[in-house]
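Subject: Handing over a structure, with notes

Dear colleague,

I am passing on the structure below, followed by notes on what was found in it. Please read the notes with the sequence and the model open beside you.

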2 protein chains.
Amino acid sequence: MSIQQLFYPRGVAVVGSVSEGKLGWEVLRKIVDGGYEHVYAVNPKAQGAFSAPGFKSATEIGQPVDMAVIVAPTATVTTVLEDCGQAGVRAAVIITAGFSEVGNHAGESEVKQAAQRYGIRFIGPNCAGLVNTSQHLYPTLETHPPAGGVAVIAQSGAVGGVITAWATEFGLGISKFASYGNGADLNEIDFLRYLADDAETQVVALYIESTSKGREFMRAVRECAARKPVVVIKAGRTGSGQRATLSHTGSMAGADAVYDAALRQSGAIRVRTVEELFDLCKGFACLDPKGFGNPSGLKVAIVTNSGGPGVLAADHAEEIGLDVAEPSPAIKAKLSEFLPAHCALKNPIDLTVEGTEDSYRKTLLTVAEEYDAILALNIATPYLDSVALARGVCDAARQSGKPVAAAFLPQRIVAEAVDYLQAHGVPNFATGERAVAALTRMAQYQEFTSQAHHSERAHFASEESPSHGTETLRFAHAVSAALRRRAMGSDRSGQLLEPQAMAWLRENGIPTPEFRFAETADRAVQGCREIGYPVVMKVVSPDILHKSEWGGVKLDIRDDAAATSAFEAIQTSVIGKDFRGVMIYPMIRGAPEVLMGLARDPQFGPVVVFGLGGIHTEVLRDISLRVAPADRTEAEVMIREIRAFPILEGTRGQPPCDLDALADMLVNFSRLPFRYPEIVELDLNPVFVFSKGLVVGDVRMIREEKSNDTG
Amino acid sequence: MSIQQLFYPRGVAVVGSVSEGKLGWEVLRKIVDGGYEHVYAVNPKAQGAFSAPGFKSATEIGQPVDMAVIVAPTATVTTVLEDCGQAGVRAAVIITAGFSEVGNHAGESEVKQAAQRYGIRFIGPNCAGLVNTSQHLYPTLETHPPAGGVAVIAQSGAVGGVITAWATEFGLGISKFASYGNGADLNEIDFLRYLADDAETQVVALYIESTSKGREFMRAVRECAARKPVVVIKAGRTGSGQRATLSHTGSMAGADAVYDAALRQSGAIRVRTVEELFDLCKGFACLDPKGFGNPSGLKVAIVTNSGGPGVLAADHAEEIGLDVAEPSPAIKAKLSEFLPAHCALKNPIDLTVEGTEDSYRKTLLTVAEEYDAILALNIATPYLDSVALARGVCDAARQSGKPVAAAFLPQRIVAEAVDYLQAHGVPNFATGERAVAALTRMAQYQEFTSQAHHSERAHFASEESPSHGTETLRFAHAVSAALRRRAMGSDRSGQLLEPQAMAWLRENGIPTPEFRFAETADRAVQGCREIGYPVVMKVVSPDILHKSEWGGVKLDIRDDAAATSAFEAIQTSVIGKDFRGVMIYPMIRGAPEVLMGLARDPQFGPVVVFGLGGIHTEVLRDISLRVAPADRTEAEVMIREIRAFPILEGTRGQPPCDLDALADMLVNFSRLPFRYPEIVELDLNPVFVFSKGLVVGDVRMIREEKSNDTG
């Protein structure tokens, strides 16, 4: 396996000039300084540097060399790979730039082909190298970080560099680091797969700007996240081109919402900033998430020696959903046995500036009896013995077995204490607020992994449409074409008319109301009678999208006369359009209206959207979104996560909606694009939800043009 | 003026033991180490320490002593103050604890009285001291910060300590620091007033957990914020007792929302964390907010030498409302004259790792031509000359005159460059995200201060009810009593019945619909005729709060027969209750419904709430709130800031609402509690808003019990 040879090579060749000041010289120095011994320089002058001997060709080295670090000029990289391949190299780090990132796609393609010919897997080109601390292997220009359990995989070398540098400064141990640059060969998916099994890695930190194979990426994240936390920064808005291809319902949320859903559904923890990423990795590296006893509504005790920062941490904790309850009377009684009278026994528990090693130790041990996690704050002054307080905290953390985080500050005067804390497995954060934020996300991860429906999610991946890769791209183009046509009001052959669409929904188990399609006034009257008054009548025409605006909807028709005149009015109002007839439905009033939508994302394929109808989606953008399909549990969460959910639960004396039927329908609906890959866009809006059951009120479907049958 | 004597004393007495290791010894050492010379020790042993001579009494010093720092035992503080007073001391820093914070209110009261007798103003007790860097005066246990333009006022000494310690570590200059502890005498209001005029202070950083005199606090903030930025952390949820006294509409937002509104209305910038506070102070200390040319929608250029962190900064900038537009073709053309082809000329502008001092300088100068502000990112590697890049950035900042912020990272390897940046007036932030966050808040401040309606706000303060202090407390009690009664369903003498309330509203210029009050069926029919069918009929009874639930509301009554039977049905349905008659209104349908509410906050007095009716307030909590009264501009902002505002603008073919009439009414409504101080709570819900004009649909008013007339 070539990734293994990247991280654990028997020998490394640095290919390119190693003259002083050159990139190769820097890299070689980094490798030699790091303590890796089997390193050789390869360049036309056979020049060596530091302790590394020089050779003209990798084939001349005469020792096993599994990996090459390539810093040679752009134009020579292909030749270099060939030479390396002949020498038995099977993995390469191509630091050299000047390829696809500057438009040189041909050059990158040549490099890929050369590598393939020799079975060489590589990272780059245009990458910042890699690190494997357990092998003292540092073929990179970034800082040498300390060893530990966090693997950092970054599309951007600089983001990785910031993390490894902070790792050194703030005490975070790194197992492996890889920056894959242009990702011409190995990318985030390969590394996720590799790291899932890497015993040296407890936590994976990932920085991506995009992924091209959405479903494959999700699968790799899911498999890794099932075994260890995966913390992700997804940066960069997708380009305007990509955004334009998203359908109406999809674009209401934005392409970023699709990534958000995909990451969440795969069990990754998404963060927005490098600081959050760093904090969370530190938390996971020190604290076992399984230690969080009661993850939903984590009950946290804040023990401090200073009021203000304690209150700030408590405020933030409450805001992000932690439970900052006061200690029980029993615990208060225990605390008051050894704490002085001036200590506040609420939560935060304020030991005041007189808090000692012993009072920290005893207080933490006492509150550990009824809290899930503890934050120990020490706002030090220069004359305080912070190392002693750290001892108290660490003792209590060890003895109690509960997750304990610390925020000892300000920085410089507590440096020694922070080292002590982290050496003893207690993560220290820059502020109390950042500590509680990390605890919260850790608890959420634990909640996700402990959920029973994890196994249920397994079937998810298998339901995706088989020829995904190029297909979604094709679909995306189809959607954008459809939208263009719609905007122009012209031909819309991809759109199914309402009678067929309703029939098709019914065949597929989606609850539709009774309906009749009528092409004449007489038939309309007959249809109305069959449905039973009062009824609703709606125009059917391929030319008309917004029926109401055209006077194409008549509500509350109560008798035959009204039915006749409604038909005639509709016919008149759309004169000059392609009038096909009318749909007749029972009149439904007073039931809450929801919408369900399907759209195609170019990266992730079908996505499903749920929301309340009307202004809730169009104005308030109060919707939930998932990469389809949604299983039953996911559907329930989708329904509950919209802000307006209380409306569905029944407010102001209204009965609750049939949430079971709603969730069932959402699951069924979200599977349709896998049974019918020709669906490009499907909106059910509104869906009327009753206290028992539910029915679709209107449907709009766009299929791919080439295919015209519905099943 | 005593605050002047606190910060600029001619001599300082440290009163309390100065034996080695004692608090007094530490404080004295801090003062002497800081370089302040006129310091004396006062204690029973007449013991001196360091360079300070010792005396038994302050009266024996024989030199001018304006200020005393008291670290003597709790029980002796009163005597100490008397001794100091006799010696001519006029200002004191009482560090000694053991007073109201542990329930010793009597002791604190004695201290206050003693100080008053001698005209001594003081901070504390239980405070962490003060700092005046320009005088080298450090009577505090906290770190000695470097001198500069930021004043830090903190209820919590520890929060102040964190800021002053970070100031040392991350290069922020402090003018003055004061921690006022229990605030028995001087508090945040006094310091705001003082600092407004303090020439050494450019920015005020304030940490409070509460304020007792809401309106006075607002005035002090406003006067200070008009002259320099005031950055505030308001921490701590107000206690459950206080929350309970808030009225229904008020408590929907929570007491914290009142502080939020009060701070915003006063021009303060509220932040949530110490890191934000610190970043923003740094920004203001370095950059003149007047430099932000186009504050609404600040257009920012991000110049970086590394893609990833640039993208992260751009993402965050867009999320918080900055404009990260691409450079114009003209600017791109200019850039491409001197930048290599591999540089990305979008925004972020990526100079790549090859970015030099000169390319930073030229790029910044070029983009300064069309951007309001610039962020210069340098993600350094150990072999990069970051100081050179800093030079390029600083040169461009100086020459362009535009606000330039930097994020040079990671920390350690750029330390020298960061010092260079900050010495040359370019603030450096920990990450690009934090830099753009600070820029955004600075631009918002500039927008506030530059708004023309600033003068209009002046009248605001004068409208408050005169006897504010005890009165609001009284009101609060009345509200809580009223709420209790209401919960119990018993006597509600404070509540005005609908006929009187509607009449009263009309007298006060609030648009009400035509209405009739009728006590019998005959009169009801007559009233219906006068109003004109269709009408609405509603029960009037002091016993019934939720009329609909009692069957006390009949809609769409279309003729005399229906009117008679509606009256009878209402009468029957409320049998056993105190039935007074019915109100008759014209039937209004299809108009958007808003609500306006007034409530009393114990700290700030009358607050006004606006929202859309129905589920928007009750379920979605989509409301805006201000400390009353709201002027016209503020009313417009209130109306526009609810999420559902687009509904009022007209969606889905609906005409826009009469926003002018709505704003006028909101202004008028928000002034009512100043004309009628007996109003405890007033809800207009719904108010129907038409495309021309608007009317109240229902009213509920609770007045203070003692006063029974309405004007």
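Strand E17 (residues 495-496) of chain B pairs with strand E27 of chain B in the antiparallel sense over 2 bridges, where strands (E, at least two residues) and helices (H or I, at least four residues) are DSSP runs numbered from the N terminus, and two strands count as paired if DSSP finds at least two bridges between them. Within that pairing, Gln495(B) has Ile702(B) as its bridge partner in E27(B). E27(B) also pairs in the antiparallel sense with strand E25 (residues 679-689) of chain B, over 5 bridges, and there Asp683(B) stands opposite Arg700(B). All of this comes from a predicted model, in which local features need pLDDT of at least 70 and side-chain atom pairs count only at pLDDT 80 or more, while totals for chains, interfaces and linings use all residues. Residues are numbered from 1 along each chain as its sequence is written, chains are lettered from A and ligands numbered from 1 in the order in which they are written, and side-chain values use heavy atoms, with hydrogens and water left out.

How many of the residues of strand E27 (residues 699-703) of chain B are buried? The count is 5 of the 5, so the strand is largely enclosed by the rest of the structure; buried here means under 20% relative accessible area, exposed means over 50%, and partly exposed lies in between (1.4 Å probe, protein chains only). Both faces of E27(B) are covered, with Val699(B), Met701(B) and Arg703(B) buried on one side and Arg700(B) and Ile702(B) buried on the other.

In chain A, the side chains of Glu681(A) and Arg700(A) meet in a salt bridge, at 3.0 Å from N to O, a salt bridge being a side-chain nitrogen of Lys or Arg within 4 Å of a carboxyl oxygen of Asp or Glu. This pair links distant parts of the chain, since Glu681(A) lies in strand E25 (residues 679-689) of chain A and Arg700(A) in strand E27 (residues 699-703) of chain A, 19 residues apart. Glu681(A) is buried, with a relative accessible area of 1%, and Arg700(A) also counts as buried, at 14%.

Another sheet is found in chain B, where 6 strands form an open sheet in the order E3-E2-E1-E4-E5-E6 with parallel pairing. Strand E3 (54-55) and strand E6 (121-123) of chain B stand at its edges, each with a single partner strand, so one side of each is left without a neighbour in the sheet. Strand E1 (residues 12-15) and strand E2 (residues 39-42) of chain B run parallel and are joined by 4 bridges, with Tyr40(B) in E2(B) as the bridge partner of Ala13(B).

Turning to a helix, 8 of the 9 residues of helix H6 (residues 188-196) of chain A are buried, so this helix is largely enclosed by the rest of the structure. At its N-terminal end, H6(A) is capped by Asn187(A), a side-chain oxygen of which lies 2.9 Å from the backbone nitrogen of Ile189(A).

The two chains also meet. The contact takes 62 residues from chain B and 62 residues from chain A, contact meaning heavy atoms within 4.5 Å. Chain B and chain A bury about 4800 Å² between them, 62% of it on carbon and sulfur atoms; buried area is the accessible area (1.4 Å probe) that two parts lose on being put together, summed over both. Across this interface the rule finds 4 salt bridges. Arg272(B) forms a salt bridge with Glu319(A), the closest N and O atoms being 3.9 Å apart.

Within its own chain, Arg272(B) also meets Asp260(B) in a salt bridge, at 3.2 Å from N to O. The pair links distant parts of the chain, 12 residues apart, with Arg272(B) in the loop between strand E12 (269-271) and H11 of chain B and Asp260(B) in helix H10 (residues 255-265) of chain B. Arg272(B) is partly exposed, with a relative accessible area of 37%, and Asp260(B) counts as partly exposed at 25%.

As for the whole, chain A has 26 helices and 27 strands, and buried residues make up 61% of its 711 residues. Over all chains, the count by the rule comes to 86 salt bridges.

With best wishes

Conventions:
A polar contact is a pair of N or O atoms within 3.5 Å; within protein, one must be able to donate a hydrogen and the other to accept it, and residues adjacent in sequence count only if both atoms are side-chain atoms.
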